[in-house]
Amino acid sequence: MARRLLHLRPRLQALAPRLVPSRPYMADMRRSAFLDRLLRSLRSEISSCRPEPAPQVPPSVAPFAVDDRPGEQYIRLRRAFGEEEVRVDASMIDGAVAPTRSGVAAEDGGPPARMHISVHVEVTKPARPDFALNFECSAWPEEMDVERVFPVRRTGPAPEQQYIGRQFRELDEEMQTAVRDYLEQRGVNDELAAFLHTYMENKEQTELVGWLKHIECYLKK
């Protein structure tokens, strides 16, 4: 028996490389397993996200036409107000910050932090095509706050460091009220802030699903 085994040893040694998987083969197997696990995770995330259809513009916001930007982190709304054009650019929800209209911070006993959307408003009119009036605002779930108001030159060279005035809350109270009334007449108000939050919460889910599907599509090819 021992002689027979000795006789077969060269054949067994020749077969050994064929019986034991090579290192490249094992590495490919591991990569395939990792990829399958990643694809399963992506599909699970996609199935758990259930974005609703984009919310309808309520009557109070109806004068605005919504220009969604798929794949981008903001939307644009436009409307005419007499001869003026009002353009509103709103970011997706970009953080939670203490609201400023009350003038009391959360740590001082004020209202707790709420979800925040950055809003840029531009008002233009044919009589002054070279200038636009800009408003930097913060949209909270229930109110619209103004942060700054300043004119911007639309033609010719722009100043490298334009003076944009004081913070809105540092202005005279009468002027603050007049600016809010100006925006209110043009539809930039608390109702618009509430609509933006509803819209952006849905957009977040829609964009997330698209992002996950793009990754899945890339990995499958």
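User: What makes the six strands an open sheet, and in what order do they stand?

Analyst: In this predicted model, the order is β1-β2-β3-β6-β7-β8, with antiparallel pairing. The edge strands are β1 (65-68) and β8 (144-153), and each of them pairs on one side only. From one strand to the next, the twist averages 20°.

User: How do you know that β1 and β2 pair, and how many bridges join them?

Analyst: Two strands pair if there are at least two bridges between them. Four bridges join β1 to β2 (residues 74-81), and the two strands run antiparallel. Ala65 stands opposite Arg78 in β2. The hairpin of β1 and β2 has five residues between the strands, and Gly71 there takes a positive phi near 85°.

User: How many bridges join β2 to β3?

Analyst: Eight, again against a cut-off of at least two. These strands also run antiparallel. Tyr74 has Ser91 in β3 as its bridge partner. Two residues lie between the strands of this hairpin, where Gly82 takes a positive phi near 65°.

User: Which strands does helix α3 touch as it packs on the sheet?

Analyst: Helix α3 (residues 173-185) touches β2, β3 (84-91), β6 (117-124), β7 (131-139) and β8. Touching here means heavy atoms within 4.5 Å. The direction of α3 makes about 95° with that of β7.

User: What does helix α4 lie across?

Analyst: Helix α4 (residues 190-220) lies across β1, β2, β3, β6, β7 and β8. It runs at about 145° to β2.

User: Why is the pair of Phe195 and Tyr199 called tilted?

Analyst: Start with the distance. Ring centres must lie within 6.5 Å to pair, and these are 5.7 Å apart. Next, the angle. Stacked needs planes under 30 degrees apart, edge-to-face over 60. The planes of Phe195 and Tyr199 are at 55°, so the pair is tilted. It is one of two aromatic pairs in the structure. The two residues are four apart in helix α4, about one helical turn.

User: Are Phe195 and Tyr199 buried or exposed, and what values decide it?

Analyst: Buried means under 20% relative accessible area. Phe195 has 5% relative accessibility, so it counts as buried. Tyr199 has 6%, so it is buried too.

User: Which ring does the charged end of Arg79 sit over, and what makes that count?

Analyst: The ring is that of Phe64, with the charged end 5.7 Å from its centre. The limit is 6 Å, together with a position within 35 degrees of the ring normal. Arg186 lies over the face of Tyr182, at 3.6 Å from the ring centre. That value is also within 6 Å.

User: What does the secondary structure of the chain come to?

Analyst: Four helices and eight strands. From the N terminus on, the elements run α-α-β-β-β-β-β-β-β-β-α-α. Of the 221 residues, 29% count as buried.

Note on methods: Residues are numbered from 1 along each chain as its sequence is written. This is a predicted model: local features need pLDDT of at least 70, side-chain atom pairs count only at pLDDT 80 or more; totals for chains, interfaces and linings use all residues. Side-chain values use heavy atoms; hydrogens and water are left out. Axes are lines fitted to C-alpha atoms, for helices over the stretch in contact, and angles run from 0 to 180 degrees between N-to-C directions. Rings of Phe, Tyr and Trp (its six-membered ring) pair if their centres lie within 6.5 Å; planes under 30 degrees apart count as stacked, over 60 as edge-to-face and the rest as tilted. Buried means under 20% relative accessible area, exposed over 50%, partly exposed in between (1.4 Å probe, protein chains only).
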